Amino acid sequence: MSVAGSLIAMRQAGVRSRINGYVQKLEVDIGSEVKAGDVLAFVAVPELDAELSVAKALAHVEQAKATGAQSVGRVSQKRWSRLNKLFKGDPDAVAADRVDAAETHAVRSRSAKETAQAMQQARMAELRRAEVMREYQTVRAPFDGVVTKRFVDVGDLVGPGNRMVMFSISSSG
């Protein structure tokens with residue numbers, strides 16, 4: 001005996017790329033069983049590689065600046081402390097303007113150190129952003145299921161601005 005009917009998935013999702021680029025490689029096809037997090041495809045974004053390299057280099061530069069500013073700050077603070085102590089012990093031992101100049105330099109050095117640290121944090125945030133964007137090049141399955149449709153081929157332009165779904169995944173559980 002046969003009965004007519006329809007099989008409807010409990011869950012179904014259209015999977016899109018979260019980044020603009022070209023489909024570089026397909027890892028699954030219609031009928032492929034996937035687990036949550038499995039790689040479905042890779043999206044090539046050549047300019048992202050360059051952006052990541054620049055972000056790494058700039059983060060390194062800012063790290064060096066912060067380290068240098070910290071060293072200069074320590075030396076400036078020590079110099080001002082020594083001159084100030086000497087001046088307080090014997091005002092004739094050191095000219096007051098030298099003590100003032102050393103204090104001004106120490107204050108400027110602290111400001112330069114804080115600025116360098118803030119710039120370093122900003123560059124590290126840019127680097128983390130570029131690394132996250134790079135992760136988006138890998139399109140992954142949102143849940144366990146079966147690929148029921150594939151709408152892309154290698155070389156197709158995909159991305160969040162492109163409303164094209166790359167894959168349809170369905171699950172009965």
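These are my notebook entries on one protein chain, looked up in a predicted model.

**Entry 1: the parts list**
I began with the secondary structure. The protein chain has two helices and eight strands. Read from the N terminus, the order is β-β-β-β-α-α-β-β-β-β. I then checked how spread out the chain is. Its radius of gyration is 30 Å, while the globule rule gives 16 Å for 173 residues, so the chain is more spread out than a compact globule. The spans of the C-alpha trace along its principal axes are about 115 × 30 × 20 Å.

**Entry 2: surface and contacts**
The accessible surface of the protein chain is about 11,300 Å², and carbon and sulfur atoms account for 54% of it. Of the 173 residues, 29% are buried. I also looked up the contacts between residues at least 6 apart in sequence: 75% of them join residues at least 24 apart. For charges, I noted 25 positive and 20 negative side chains, with the centres of the two sets 4 Å apart.

**Entry 3: helix 2**
I wanted to know how the span of helix 2 agrees with its number of residues. Helix 2 covers residues 96–135, which is 40 residues. At 1.5 Å a residue it should span 58 Å, and its end C-alpha atoms are 59 Å apart, so the two values agree. Which residues of helix 2 are buried? I listed V99, A102, A106, S109, A116, Q120, R123, L127 and A130. Helix 1 (46–89) is included in what covers them.

**Entry 4: L40**
I moved on to L40, which sits in strand 4 (residues 39–44). Is L40 buried or exposed? Its relative accessible area is 0%, and under 20% counts as buried, so L40 is buried. Leaving out residues up to four places away in sequence, L40 touches V15, L26, E27, V28, V34, V139, R140, A141, F167 and I169. I also checked L40 against Q63: they are 23 residues apart in sequence, and their C-alpha atoms are 37 Å apart in space.

**Entry 5: T138**
My last stop was T138, in strand 5 (residues 138–140). Its relative accessible area is 19%, which is under the 20% cut-off, so T138 is buried. What does T138 touch, not counting residues up to four places away in sequence? I found V39, A41 and F42.

Conventions: Residues numbered from 1 in each chain as written. Predicted model: local features only at pLDDT ≥ 70, side-chain atom pairs only at ≥ 80, totals over all residues. Heavy atoms only, no water. Helix = DSSP H or I, 4+ residues; strand = E, 2+ residues; numbered from the N terminus. Rg over C-alpha atoms; globule rule 2.2 N^0.38 Å. Buried < 20%, exposed > 50% of the residue type's maximum accessible area, 1.4 Å probe, protein only. Contact = heavy atoms within 4.5 Å. Areas by Shrake-Rupley, 256 points an atom, 1.4 Å probe, with all protein chains shown as cover. Lys, Arg positive; Asp, Glu negative; His and termini not counted. Charge placed at Lys NZ, Arg CZ, Asp CG, Glu CD. Expected span 1.5 Å × (residues − 1).
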